[in-house]
Amino acid sequence: MKKWMHVGFVGLCAAVLLVLWNAPEVSTPRLPRDDTHRDRKAYAGCPSCHGRGAGVAMTESHFGADGGLRPDHQKCYFCHKPDDG
């Protein structure tokens, strides 16, 4: 019985590693390293440049039925990380 528990545990660990290995690459756009985006937590200003109709607009999935930003999309820095390059 104990042997099968160990085999099962190793199999579970291998399955988790396989899923993580095959995970897709990050597809969220990165924040450029410039003065405008220096303070990542100044997300209240993001809609002024990235709102609907802007040159680099947010996708429609960021907006709710009322036309405003969805509550779970208001802190941009959770998903949008600084550009490493």
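**View 1. Tyr43, a partly exposed residue.** With a relative accessibility of 24%, Tyr43 counts as partly exposed. That term covers values between buried (under 20% relative accessible area) and exposed (over 50%), using a 1.4 Å probe and protein chains only. This is a predicted model, where local features need pLDDT of at least 70, side-chain atom pairs count only at pLDDT 80 or more, and totals for chains, interfaces and linings use all residues. Residues are numbered from 1 along each chain as its sequence is written, and side-chain values use heavy atoms, leaving out hydrogens and water.

**View 2. Aromatic pairs in the structure.** Searching the whole structure turns up two aromatic pairs. Rings of Phe, Tyr and Trp (its six-membered ring) pair if their centres lie within 6.5 Å; planes under 30 degrees apart are stacked, over 60 edge-to-face, and the rest tilted. Tyr43 and Tyr77 have ring centres 5.5 Å apart and planes at 40 degrees, so this pair is tilted. The pair links distant parts of the chain, 34 residues apart: Tyr43 is in the loop between helix H1 (2–21) and helix H2 (46–50), and Tyr77 is in the segment after H2. Helices here are DSSP runs (H or I, at least four residues), numbered from the N terminus.

**View 3. Tyr77 and its partner Phe78.** Tyr77 is buried, at 12% relative accessible area. Tyr77 and Phe78 form an edge-to-face pair, 5.0 Å centre to centre with 75 degrees between the planes. Phe78 is exposed, at 53% relative accessibility. Ring pairs join Tyr43, Tyr77 and Phe78 into a cluster.

**View 4. Charges over rings.** The charged end of Lys3 sits over the Trp4 ring, 5.9 Å from its centre. Arg52 lies over the face of Phe63, 4.2 Å from the ring centre. This term needs NZ of Lys or CZ of Arg within 6 Å of the ring centre and within 35 degrees of the ring normal.

Conventions. Helix = DSSP H or I, 4+ residues; strand = E, 2+ residues; numbered from the N terminus.
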